[in-house]
Amino acid sequence: MDPLFFDSDIETIVGNGRLIARVRASSAEFVFSGPASGYHLLFNGHGATDDAGVRTLVEPGRTHYEIEGRGRVTVASQPDAVVMVVLIEAESDGEWGLDLTGEGTEAVEGGLEAERGIVDVWCPTSTPAAESSDDATGTVRVDLEAGGKAAFLLGDATAIGRISDPFQAAETWVATMEHRGLRLKTPVPDLDRAVEFAKAHLLLGYDWTPDENGEPGGEGSKMVCDVFRWRDVWSRDFGSGFGPGGIAAGLMGPVLATLDYEAGRYRDHDPAGLKVSDDTSQGGSAEGLGWILKLVWRVFKHTGDRAWLTSMLEAFEPWMETWIERDADDDGLIVDVTEWMDHSRFLRLVEGQRTLYSNALYYAALRRMALACDALDRADDAERYRDLASRSRQSIHDAFWNESGGYFNNAVQWNVPDTTLMLADNAIAINESIASRNERFRTLETIRERSWRPFGTVTTDLPMRYVPADNDHNGRVWPWWMAHEARARFRSFDAEGGMHVLSKITDTIARPTLPGLVEEYLDPEDGAQDDVVGHAFITGAGALLDAVQYGLVGLRIMEPGERRIRLAPAVPRSWDTWSADLDLVTGRMRVSETPDGVQVVLEDAAVEVLEFRVPPRESVEHVMLDGLEVEPEREEAGASEYFRFEVGAGGPHTIEIAYAPQRVWSGELAMPNLPAPVPVERPLLMDEPRLFADILQSFVRSAVSFFGRMRHVAARDIGDLEGPGDLLVIVGNELPYKTKKGESVPDAIDGYLGRGGAMLLLGPRFPRIDLGHHYHGGAQMGGHAGMFWWKQWADGRWQDYDPRDQELLPHPQHEGTVYWGDGPLFQAWEHSLGLFGFETDCRGVFDVEGGVVDPDQRVEVVYTDWSVRKPWTFTPLAFTEREHQLVTGPRRERYPCAALLENHDTGARVVVVAPSVCSRTDLLHRMLAHVAAPTET
């Protein structure tokens, strides 16, 4: 792992949660639990960096300073003792010294004694000297030749006495931290490194006291929100960030200690007061209770400790009942007393404002109470909480879902909605499954369109008007909440979107202000930090680890005590090789994937059943359990398939899933490369007055959100369109056969395409192929399968029309293909363009390489190249798979659900997209991005 590199002397934090120091190349300030106030490092009696260039290299747990012409200085801290070492590797001959500043520093043989510890010197080649001065500064010195080594050891005398080689000890400390908790090895080194830095960041936030053996975990030990400022616990920060992140980091002990601390505060306060400290924001609110109960349930799923869960409910259930009472009108919604924007948006709560954020967490609290009561065999209580949660979820939908916008509104105040798009609120609604499946995808796409900025995703897409513009919540980028967005994207198998968001978080770790820490917040456009410089807020680091372990890697605990585990990785398709090591409460688990398959290794784990989601793009050749070939149980969930393995607790166990060789398209079957997108200068919407159905307006809105404003045209205008740069959007199947003046619309479109124009057909349907009947007859093989439902203006309205018989019809008919009977096989005008399709039951959307776009999306209409002839060509833009396999072979049939038809003589293009794909803004935009490039007008 490459360190962070800076070509200057950069201040960093070195410590272990109890011992905290702000360090530079030649000095340090002990903020907490150091042996004195600080130190200055000397070279030949002067500052070690005087008149010398410095380079800084930062690693998780230690910092290296390379001082030009003098040597390398490394500062590290023992994770579980109050010990810091300053390691010197000399580049030239000289005397190195350390001035320790503080009260009561006294020189002793070979070192110093200070007010809270000692300074010892390790040097195999030279005898150190020590002295103290009247100003209570003590100095130790040691002479080194070029290539020599020495170390200054500062802190607890007993712990220092156990160190025989501080250089080796520092290596061991770093390795111990690295091997604890989540470890990632992927094609994205910045992410792998960020995981290690986040683990170290969380350790800095563990404010521990020594137990009877001097080890961390004594009375009062707890994790805290910020290394410097807020050395206490806020329920929301704990439950949403450093609690779940602490589990991923292998810090279950500190998490449990902090939950005990929180439970004690809740027990010690009257729930009617709605506060657990002087600060309303610290706990007791609906949002705080929701976060803490989410964490309680997460911990119980790992440990399975029923006695512990009972004690937690004794502390928190009275608060749940108080919040149920605050739903005085039984409408399923509550007015909170604070929320995460605790010095901005909470000011509106007194006005009666119901926020999505707090109500989503109120629902989350009810849901966790139902689950916990179920686990404790309290069936009646579980049913009651489930009913309340169900009512709350429905009320949230009714009150907050914005159908036209495709997201959940911020708040409602006396039935007046606030339609601001808030990131945290919507991410929670997705992760809590408040959003339905389609709402989930629409919301994520809306966030992408409206809230993504150069430095991340903004908390609110429009500035709040009731706080100053420079308020730290007002339109800022908070990595804390971006991690929740990333988790929502991974859970929705938007791997690329999730990785984009994670990349913005990991970028903050490499910033020169206290590098190695996840930043608290940034300006979205230029990355400025205002007054946040020097903050060491650990919640974002915890949320990052949570997003990686429970989102990207896809860990889910299905039965308490880790008895049944599910793995559903959501990694990008481009990752053909990656691995993750995870700490379980008992034992460890490793999952690794290569182009040949997946391996899962369990060591000393309590897991009895493991379920693994096989990537939908892969076909499995064979499966091995502990060296023997097995046929695991299979469970289908949409297009996803889970393999279920029963393993004995304890292990070790090795599961190997070998992929079948990928099918290679070659020769005449090679899939054509996607052509480059063409500029769209004039997007046009076919909008014949009094014709198109309102039900198709959602397709139009999705197209508008991609192209921007579209000019509406009628059938009579098609003949006047220029061609190149134009894109005519036609929605659905209905189209006039003639204008009201009797001019041929097919002829007008032929002329438009002949001039190089382009058409986008959104959601046209075709009839179903009826395989249950014999092939004879007039309606087989897609018979009568013309695409358009032609219309004729008659008696003051548009009526269905048969262009061959030139008669009005009582209802639409698909006329065109005739398999058995008079006339040519392809009779419809659309066939001259190569348009053909049919209806069949399919599921999933995949890119042309087989990569998963959405494994569960239902698709009913597909398109094929059956009627294509030169100069037209047919290029699939996306595929779907038939639900019920008919062919003999390892895979279900796949069909194009979006396609590009291109005329290589005229340059004309026709893009056709299935209705169910059009219904999803994110999917439609993905298809259009392949072929169209909107230009600024």
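1. Let me start with Glu 646, which sits in strand β37 (residues 640-646); helices here are DSSP runs of H or I with at least four residues, strands are E runs of at least two, and both are numbered from the N terminus. One thing to keep in mind throughout is that this is a predicted model, where local features need pLDDT of at least 70, side-chain atom pairs count only at pLDDT 80 or more, and totals for chains, interfaces and linings use all residues. Residues are numbered from 1 along each chain as its sequence is written, and side-chain values use heavy atoms, with hydrogens and water left out.

2. Is Glu 646 buried or exposed? Glu 646 is exposed, at a relative accessible area of 56%; the cut-offs are under 20% for buried and over 50% for exposed, with partly exposed in between (1.4 Å probe, protein chains only). Leaving aside residues up to four places away in sequence, Glu 646 touches Glu 608, Val 609, Leu 625 and Glu 633, where contact means heavy atoms within 4.5 Å.

3. Next, the seven-strand sheet. It is open, its strand order is β18-β30-β31-β32-β38-β34-β35, and the pairing is antiparallel; two strands pair if DSSP finds at least two bridges between them. β18 (183-185) and β35 (628-630) are the edge strands, each with a single partner, so one side of each has no neighbour in the sheet. From one strand to the next the twist averages 15°, with axes being lines fitted to C-alpha atoms (for helices, over the stretch in contact) and angles running from 0 to 180 degrees between N-to-C directions.

4. At the β35 end, strand β34 (residues 620-625) is joined to β35 by three bridges, and the two run antiparallel. Val 623 has Val 630 in β35 as its bridge partner.

5. Strand β52 (residues 909-913) is worth a look, since five of its five residues are buried. Which residues lie on each side of β52? Arg 909, Val 911 and Val 913 are on one side, Val 910 and Val 912 are on the other, and all are buried. As a reminder, side chains in a regular strand alternate between the two faces of the sheet.

6. β52 has two partners to go through. Strand β44 (residues 758-762) runs parallel to β52 and is joined to it by five bridges, with Ala 758 partnered by Arg 909. Strand β51 (residues 894-903) pairs with β52 in the antiparallel sense, also over five bridges, and here Ala 899 is partnered by Val 912. β51 and β52 make a hairpin with five residues between them, and Gly 907 in the turn has a positive phi of about 85°.

7. On to helix packing. Helices α3 (residues 189-204) and α14 (residues 539-552) have axes that come within 8 Å and cross at roughly 130°. That makes α3 oblique to α14; angles under 35 degrees count as roughly parallel, over 145 as roughly antiparallel, 65 to 115 as roughly perpendicular and the rest as oblique. The crossing is left-handed, that is, the near helix is turned anticlockwise from the far one by less than a right angle (clockwise would be right-handed).

8. Who meets whom there? From α3 the list is Leu 191, Ala 194, Val 195, Ala 198, Lys 199, His 201 and Leu 202, and from α14 it is Ala 541, Gly 542, Leu 544, Leu 545, Val 548 and Leu 552. These divide into 10 nonpolar, two polar and one charged; Ala, Val, Leu, Ile, Met, Phe, Trp, Tyr, Cys and Pro count as nonpolar, Asp, Glu, Lys and Arg as charged, and the others, Gly among them, as polar.

9. The other helix pair is α7 (residues 306-326) with α8 (residues 356-375), whose axes come within 10 Å and cross at roughly 140°. α7 and α8 are therefore oblique to each other, and the crossing is left-handed. Among the contact residues are Leu 309, Met 320 and Trp 323 of α7 and Tyr 362, Met 369 and Cys 373 of α8. The contact divides into 12 nonpolar, no polar and two charged residues.

10. Finally, an open antiparallel sheet of three strands has the order β21-β24-β25. β21 and strand β24 (residues 411-413) pair over three bridges, and Arg 354 stands opposite Val 412 in β24. α8 packs on this sheet, touching β21 and β24, and its direction makes about 60° with that of β21.
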